[in-house]
Amino acid sequence: MRVHAVHDRDELATLLSHHPTRHAYELGDLDDLHWPHTTWYRHHDLVALLYHSTP
């Protein structure tokens, strides 16, 4: 399976907005407050989010 990193918030918002109630937390992580702590990956319409922060 080929996965690639996604750095475009608009692309992620479009994908996640297809089911906004299912992806409410992920859509919130696109906000400026959380965005710097996230790394996103995509395989077709599947999206994986890694959230990282300092302890």
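Partly exposed describes a residue whose relative accessible area falls between the cut-offs for buried, under 20%, and exposed, over 50%. Glu11 is partly exposed, with a relative accessible area of 26%. The model is predicted.

Start with charge. Side chains of opposite charge can pair when their charged atoms come close. Here the count is three salt bridges.

Take Glu11 first. Its side chain meets that of Arg42 in a salt bridge, at 2.6 Å from N to O. Glu11 sits in helix α1 and Arg42 in strand β2. The two residues are 31 apart, and the pair links distant parts of the chain.

Is Arg42 buried or exposed? Arg42 has a relative accessibility of 18%. The cut-off for buried is under 20%, so Arg42 counts as buried.

Arg42 has another partner. It forms a salt bridge with Asp45, with the closest N and O atoms 3.6 Å apart. Asp45 is exposed, at 61% relative accessible area. Shared partners join Glu11, Arg42 and Asp45 into one network.

Now turn to Asp32 and Arg9. They form a salt bridge, and their closest N and O atoms are 2.7 Å apart. Which parts does this pair tie together? Asp32 lies in the loop between α2 (24-28) and β2 (38-43), while Arg9 lies in helix α1 (residues 9-16), so the pair ties together parts that are 23 residues apart in sequence. Asp32 counts as exposed, at 58% relative accessibility. Arg9 counts as partly exposed, at 29%.

Key: Residues numbered from 1 in each chain as written. Predicted model: local features only at pLDDT ≥ 70, side-chain atom pairs only at ≥ 80, totals over all residues. Heavy atoms only, no water. Salt bridge = Lys/Arg side-chain N within 4 Å of Asp/Glu carboxyl O. Helix = DSSP H or I, 4+ residues; strand = E, 2+ residues; numbered from the N terminus. Buried < 20%, exposed > 50% of the residue type's maximum accessible area, 1.4 Å probe, protein only.
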